[in-house]
Amino acid sequence: MTTIDERHGDGARDREEPRGEVALGPVEAYGPAVIALEQPTAALPRLTGSKAANLARAARAGLPVLPGFVIPSRAGDDPAALREAWQDLSYGGTRPLVVRSSSPQEDTEESSQAGQFDSVLDVRGWRDFRTAVQTVLDSAHRPDGSTAPMAVLVQPMLTARVGGVVFGADPVEGRADRMLVSAVRGGPDSLVSGAQTGTDHWLSRSGRVRRAEAPEAGSPLTRTELFRLARLARQARQVFGGPQDIEFGFDEDGRLWLFQSRPITAMAARPARGARLLGPGPVAETLPGQLEPLEEDLWVAPMARGLAAALDIAGSAPRRLLRTTPVVTTAGGRAAADLRLLGAIPPRHRWLTLLNPAPGARRLGAAWRVGRLTSALPDLATDLTADVDRHLTQLPPPTALPTPDLTAELRWTRAVLVSLHAQEALSGALLPEQAKARTAASAALTALAAARARGVPDDRVAATDPVVLALTAPSLRGNVRLPGQQGMAAGSGTDGYANADGRTHGNGYGKTDGRTAASPRPHLPPREALRLRIRWVQELQVRLVREAARRLALDVERVGLLRWPELTAGLDGAALPADLHDRVPQAESPPLPDAFRLADGGVVVAERSGRRRGEDGARGVSAGRAIGTVWDGTGTRPPDAVLVVRTLDPALAPLLPRLTGLVAQTGSPLSHLAVLARELGLPAVVGATDAVRRFPPGTRLTVDGTTGGVDTWEGP
């Protein structure tokens, strides 16, 4: 064990020994080329770097900091002063030292740059000391050719019984009312380098253990030591004015030492209290893919209004709430519904719901409407589908419509979608489901099989048998993806929808000469008939918008970046937005979690289940979600690279800014690379068992840095 001057240990403020001198001699002993940590000038980051300056401030506040000295940035070479300081601190070379980087550009409130520069441990002898100093100075040269200002911090090497990191807040979950401690046996270096996974403890501000994840060998920290760490974190918060990221160690005598303190530079996004619980739920059946802005206005907005109308009629939610809270919204361009409004999750407080007279009174007022509506709904659905069919049949081709009529038709489609969505939702809620009820999808599969048997190409099937549109999702780009032969084998049996000549009875929203043509309809239950009309109206919108794009001299991709008011204003003769050609489609977003809440900036935060880790032990350490291509760090880097490695080697730090995601088989949420990932907003997961073998280079992955989910991605 290394002997340390007693007055610098944990609890030093309770002793009566004077602090005017330190172990390396009087504070003014060495001159400007070497500055003792207890000199006032040591607390100047521009002179001694942020790491040394933070330790100097902590030492002056009475926190347990090891003695040491700093070679300032751009200090003149003074071998005599440096050797004298080394002699005093190393006891003439008998005590090993730690030589560490201390740059003004690291450990700041904006960026920690954790692990970016070198440190050298267990330095013995004058020659090795000079070599270690040069190693640290050389690490200031960056791969891009720039050089960071660099001071060198020198302290005694401490043999720690237990070491680790304590965060004065929980950066992984974004909680300021919790502390996160991760500890390993020995010093903290193996933890922050990612070589060793620590034992994690979540503490309250007072130090009470809220949760712990310890290996089978048990925690290396006692309850008393956890309380002492919580006290140290509170003290550091007072000294520096905010929660700190602290590296610590307990020596063999049980004394606690602070090795490093820096601000927490990145906290995970945390939804506001009471944020809505959202999920793709049933809306993903209609809009499963990622939408452009105009697609959101054409399809999500009418769906939200229609569902709100249905909930209001059924008395399922207060009208005031429905007017202010959209039932359906988007996150990352993907449709999601309010799960509580749709009744997909139970009320938060069941007993309060029973005592509250408002829902009962609201439903009582709606009961008369619903009772009459249930018997009338099939006829209403028949009338609405007939009106839609008649309108589609009489509509000229979009190319023949004058521009004002084109705009009017677009407005009609948005209005009729509201009615279709409202009646479809009410039909599903109020009408009993018939045994072996026919569905639009089964009719579409039969039609598709018959069309293929006749030799109709897939890109023409929708024109000859428009019922097959029930198998597709809308897209302004016109990409109609039909199931392959194997995918439809199970659903393409005979169910009474095909005629003797092999043709399927469709509604007739076909288009061979630019017009729609009527033909017999398959007999479908009201809800399925309404669903099919929703899809037909959406397809009409696609054709109308594509014609509008032609008249506005825009390509399809560009028109999708408009909002609804901008499109109609352009068709009415107004100028298009000046920034339209600077707009770019948003990057591909991963599928939405089953349940999530939105934080500031629209950040998706998955709702955590009772289980904190993934099925294979994977754990999210940097919130965020992404889709990318697996890369192992060698060869050509994909443009959307997800780096999959065994360990979080600090040497990987320069790669992080150009990654889409990071997955490691081992590691800790408090390792240097995890800290950097949070700073960069890079989704990162550690503890993904056998990830290197399971996800070879080239595999498409979705990475969720909140839940720890890592899954292969086949695309929409």
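## Overall make-up

The protein has 18 helices and 23 strands. The model is predicted. Of its 716 residues, 52% count as buried. Among contacts with a separation of 6 or more, 66% are accounted for by residues 24 or more positions apart.

## Packing of H11 and H16

Two packed helices are described by the angle between their axes and the distance between the axes. For helix H11 (residues 403–430) and helix H16 (residues 564–571), the axes come within 9 Å and cross at roughly 155°. Angles over 145 degrees count as roughly antiparallel, and H11 and H16 are therefore roughly antiparallel to each other.

On the H11 side, the contact is made by Thr403, Leu406, Thr407, Leu410, Arg411 and Arg414. Helix H16 contributes Trp564, Leu567, Thr568 and Leu571. By class, the residues of this contact divide into 5 nonpolar, 3 polar and 2 charged.

## Aromatic pairs and cluster

The structure holds 4 aromatic pairs. In one of them, the ring centres of Phe248 and Phe250 are 6.0 Å apart and the ring planes stand at 75°, so the pair is edge-to-face; the cut-off for that class is over 60 degrees. Both Phe248 and Phe250 are buried.

One aromatic cluster is formed by Phe69, Trp86, Trp126 and Phe129.

## Arginine over aromatic rings

The charged end of Arg95 sits over the ring of Tyr91, at 4.0 Å from the ring centre. A further arrangement of this kind involves Arg211 and Trp202: the charged end of Arg211 sits over the Trp202 ring, 3.7 Å from its centre.

## Positive phi at two aspartates

Most residues other than glycine have a negative phi. Asp122 has a positive phi of about 55° although it is not a glycine. Asp122 belongs to strand S4 (residues 119–123). With a relative accessible area of 39%, Asp122 is partly exposed.

Asp690 also has a positive phi, near 55°. Its setting is the loop between strand S21 (684–686) and helix H18 (691–694). The relative accessible area of Asp690 is 30%, and the residue is therefore partly exposed. Partly exposed covers values between the buried limit of 20% and the exposed limit of 50%.

Definitions and conventions. Residues are numbered from 1 along each chain as its sequence is written. This is a predicted model: local features need pLDDT of at least 70, side-chain atom pairs count only at pLDDT 80 or more; totals for chains, interfaces and linings use all residues. Side-chain values use heavy atoms; hydrogens and water are left out. Axes are lines fitted to C-alpha atoms, for helices over the stretch in contact, and angles run from 0 to 180 degrees between N-to-C directions. Helices (H or I, at least four residues) and strands (E, at least two) are DSSP runs, numbered from the N terminus. Angles under 35 degrees count as roughly parallel, over 145 as roughly antiparallel, 65 to 115 as roughly perpendicular and the rest as oblique. Contact means heavy atoms within 4.5 Å. Ala, Val, Leu, Ile, Met, Phe, Trp, Tyr, Cys and Pro count as nonpolar, Asp, Glu, Lys and Arg as charged, and the others, Gly among them, as polar. Rings of Phe, Tyr and Trp (its six-membered ring) pair if their centres lie within 6.5 Å; planes under 30 degrees apart count as stacked, over 60 as edge-to-face and the rest as tilted. Buried means under 20% relative accessible area, exposed over 50%, partly exposed in between (1.4 Å probe, protein chains only). A charge sits over a ring if NZ of Lys or CZ of Arg is within 6 Å of the ring centre and within 35 degrees of the ring normal.
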